Amino acid sequence: MSIKTAIVGYGFSSKTFHIPFITTADSFRFVAVSSSKKDAVLADWPEIAHYQSADEMIMQTEADLIIITAPNDVHYPLAKLALEHGKHVLIEKPFVTRSQDGEALIKLAKEKGLLLSVYQNRRYDGDFLTVKRLIEEKMLGEVRVYESHFDRFRPNVQQRWREMATDGGGILYDLAPHLLDQTLTLFGLPQSVSASCKIMRKGGSTTDYFHLTLHYPEREVILVANLFCSGPNLRFQVQGDKASYVKYGLDPQEDCLRAGELPVGDNWGAEKLTEFGKLYDDENVELIPTEKGCYQNFFADLAKAIETGDYQDMGAEQSLNSIRLIELVLESEAKGQRLDVNF
């Protein structure tokens, strides 16, 4: 049976990262959306139900799954309402803006026997899958330094909620959840963290630069994002005691989705040879083909979890730890101290 799916919001995230996947996968059926953009919704999807408010939709729709793409500060109340009404929930990152809210949602989902998941699509980036494979196959030896960037060139502040001093605004809540989730997937929780989180743009009111260091017993993890990178984005620099891997550029799936391409066909998620990363050892430089990105596999895994009732791999627990780490790095910045991870 198809999983009847309703979406909160009809903005960039909804139209780019969710609707193309639930409408091209047999496991899902798009049945409803809540948005103030009624005319746009009905023009694009005349056959689905439209609701003016998210609360109204959650309480009235017969959907099995609610996808929440609303601003960060309402993730918690909307997810709580959906769980209380017996709906599985998928929330855009960040999971929540306060860890105690995340703990409450996870507890509620378990009590209701429902899946609470977070859209950590960057686990399915081709470059990250390549790094993961190289580490698992010991191509780098033991990783000693892992550096991951998500840089952009947006030197001027835009008047939108993501760039305002709102609850959960700024790139620390926008981009760090991706980098932290990938790090936790590879290495688990660190022993301690230290951080620099700054407002660097003229007229800025929330974090637009961060440099986080996660300290492990045998490695250092460096996570960076800034909005002044006008050249090629250094995506990964992973150094082991056997070899190093260096990768520039971002996974191509987002650009393809922005251009209106649908996630179908054998070539989806494939990266150009000119974008491949390189493996360096003492004597050689080897071009490493990038694994195909596969955001569609996130939705396949989501559907499998709902259908089988096995929520372990798709649950929100790891995303909760990312929020806890964000809270800790903000404390590290405020105190100018390296802080232990005790959760």
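Which helix holds Glu56?

**View 1. Glu56 in helix α3.** Glu56 is found in helix α3, residues 54-60. Helices (H or I, at least four residues) and strands (E, at least two) are DSSP runs, numbered from the N terminus. At 30% relative accessibility, Glu56 counts as partly exposed. Buried means under 20% relative accessible area, exposed over 50%, and partly exposed in between, with a 1.4 Å probe and protein chains only. Ser34 lies 22 residues from Glu56 along the chain, and their C-alpha atoms are separated by 8.3 Å.

This is a predicted model: local features need pLDDT of at least 70, side-chain atom pairs count only at pLDDT 80 or more, and totals for chains, interfaces and linings use all residues. Residues are numbered from 1 along each chain as its sequence is written, and side-chain values use heavy atoms, with hydrogens and water left out.

**View 2. The second largest pocket.** Its volume is about 460 Å³. Of the 20 lining residues, Arg123, Tyr124, Asp301, Asp313 and Met314 are the closest to the centre of this pocket. On a 1 Å grid over the protein atoms alone, a pocket is an open set of points where a 1.4 Å probe fits, with protein on both sides within 12 Å along at least five of seven lines; lining residues have an atom within 4 Å of a point. Grid points are joined across faces, edges and corners, and the volume is the space filled by probe spheres set on the points. Helices α6 (126-136), α10 (295-308) and α11 (317-335) each supply at least two lining residues. The most come from α6, with five. By class, the lining has nine charged, six nonpolar and five polar residues. Asp, Glu, Lys and Arg count as charged; Ala, Val, Leu, Ile, Met, Phe, Trp, Tyr, Cys and Pro as nonpolar; the others, Gly among them, as polar.

**View 3. Aromatic pairs.** The structure holds 14 aromatic pairs. The rings of Phe28 and Phe299 have centres 6.1 Å apart and planes at 85 degrees, so this pair is edge-to-face. Rings of Phe, Tyr and Trp (its six-membered ring) pair if their centres lie within 6.5 Å; planes under 30 degrees apart count as stacked, over 60 as edge-to-face and the rest as tilted. Phe28 sits in strand β2 (residues 28-34) and Phe299 in helix α10, 271 residues apart. Phe28 is buried at 5% relative accessibility, and Phe299 is buried at 1%. Tyr146 and Phe187 also form an edge-to-face pair, with centres 5.3 Å apart and planes at 85 degrees. Here strand β7 (residues 143-149) supplies Tyr146 and helix α8 (residues 176-187) supplies Phe187. Both residues, Tyr146 and Phe187, are buried.

**View 4. Salt bridges.** The structure holds 23 salt bridges. Each is a side-chain nitrogen of Lys or Arg within 4 Å of a carboxyl oxygen of Asp or Glu. Asp167 bridges to Arg98, with the closest N and O atoms 2.8 Å apart. These partners are 69 residues apart, Asp167 in the loop between β7 and α7 (171-174), Arg98 in the loop between β5 (88-92) and α5 (99-112). Asp167 is partly exposed at 29%, as is Arg98 at 37%. In the bridge of Arg122 with Asp125, the closest N and O atoms are 3.2 Å apart. Arg122 is buried at 5%, and Asp125 is buried at 1%.
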